[in-house]
Amino acid sequence: MKEKEWKKWLFWFTLIVASIVVYKTIDSVIQVYVWLQGFISLLMPFIMAVIFAYILYKPAKVIETKLNKVKFLNKISRGLAVAIVYALVVLIITLIINVVIPSISESLVDLVGSLPGYYNSAIEFINNIPEDSIFANLNLQNIVESIEQIDIGKIVLDTIDFKNVGNIIKGLSGATSLVFNAFVTIVVSVYLLLERSDIKSFIKHVCKACMKDETYEKYKEYYNKTNGIFYNFLSSQIIDALLMSLVCSIALSIMKVKYAALLSIMIGVFNIIPYFGAIVGCTIAVIITIFTGGIVQAIWMLVVILILQQVDANIINPRILGSSLHISPILVIFSVTVGGAYFGVLGMFLAVPVTAFIKIILEDKINEKLEEKEKNKVKNTKNQDKIEAVKQ
């Protein structure tokens, strides 16, 4: 066999083997990904327990500190503090179930029932648009025709088809699994709060054993900073959302806006997402109010919400958060956009604290490099002075 032919066959053989290796690698990656998904799903109650315990950590710690001042409660202060915190959580959930949810569900049912009427009003408005109006260029009638071609009845029948009985059974099984997971989450979170000192001590010893002293101190510094950023941001956004919902609910109720409670809670929840959340929540509320109360009421509601959002952004939120995260608005918008694109709503919510943490690390590294350069510069200057002195 000639050398050229041998090289040719060797090339094709190598290419085929490489293709098989790549295919098997990709296939293995998919299998690993599927297995990882199942494993994360299995661990989800424990992950939720960690998050739940993390949120309740500071309230439990504050109550425990207060109880420790009473001598005969010293030995049971931690257990009593955890019990009080969970009693408060149960009380809040009970109030939400008995007071908030009925009002929201009633408004939601009424809104859904009124949608056909609002839809017909919108169609009538679009059909009566003058040809010389600026709205005529938006091709609204073509959009309406596309919507009218959707057979909602067929979609509903397909959804409740008997073929989906298996899915319904799976749904019931999923509900049972959800109750069990919730129970596991609560029990594990209670144990995490009760044994948090032992858990922190264990993690501390592991890190000290596996890291150099310098690395451990750096890790400890970053942990304290990260913990402060995440906890302050998480707790402040939740409290801020509740306050915003309450204030908006009072304001919209005074204005006699229909579905005031439902719209206020929606605005508060969307307000958790920086920048975009306030815009989206406000826009949806205004559109609904246009149909339920007219354009004039919607404009007044828009003015009131914008004023409340400005007060919240400039006064209430900074007070709750305590110390600012010191992030540029452009960086916030960029991080929220990227977080939402790759990780959905959760990504949009966590984008700001994650960006703040990355910013801290980058600033530390940059400062270290600048300090190192400054030291080298001073050292070189001293060496140069010594050389000049020797020459003289």
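In this predicted model, the axes of helix α7 (residues 213–254) and helix α8 (residues 260–270) come within 8 Å and cross at roughly 150 degrees; axes are lines fitted to C-alpha atoms over the stretch in contact, with angles running from 0 to 180 degrees between N-to-C directions. Helices are DSSP runs of H or I, at least four residues long, numbered from the N terminus. Angles over 145 degrees count as roughly antiparallel, and α7 and α8 are therefore roughly antiparallel to each other.

The contact (heavy atoms within 4.5 Å) draws on A241, M244, S245, C248, S249, L252 and S253 of α7, and on A260, A261, L263, S264, I265, I267, G268 and V269 of α8. An α-helix has 3.6 residues a turn, so residues three or four places apart point the same way.

I250 also lies in α7. I250 is partly exposed, with a relative accessible area of 48%; partly exposed covers the range between buried, under 20%, and exposed, over 50%, for a 1.4 Å probe and protein chains only. Between I250 and A260, 10 residues apart in sequence, the C-alpha to C-alpha distance is 8.2 Å.

In helix α9 (residues 276–293), the 18 residues should span 26 Å at 1.5 Å a residue, which agrees with the 25 Å between its end C-alpha atoms; the expected span is 1.5 Å times one less than the number of residues. Buried residues of α9 include G277, A278, G281, C282, A285, V286, I288 and T289. Just after α9, G294 takes a positive phi of about 95 degrees.

Residues are numbered from 1 along each chain as its sequence is written. Local features need pLDDT of at least 70 and side-chain atom pairs count only at pLDDT 80 or more, while totals for chains, interfaces and linings use all residues, and side-chain values use heavy atoms, leaving out hydrogens and water.

Methods:
Helix = DSSP H or I, 4+ residues; strand = E, 2+ residues; numbered from the N terminus. Parallel < 35°, antiparallel > 145°, perpendicular 65-115°, else oblique.
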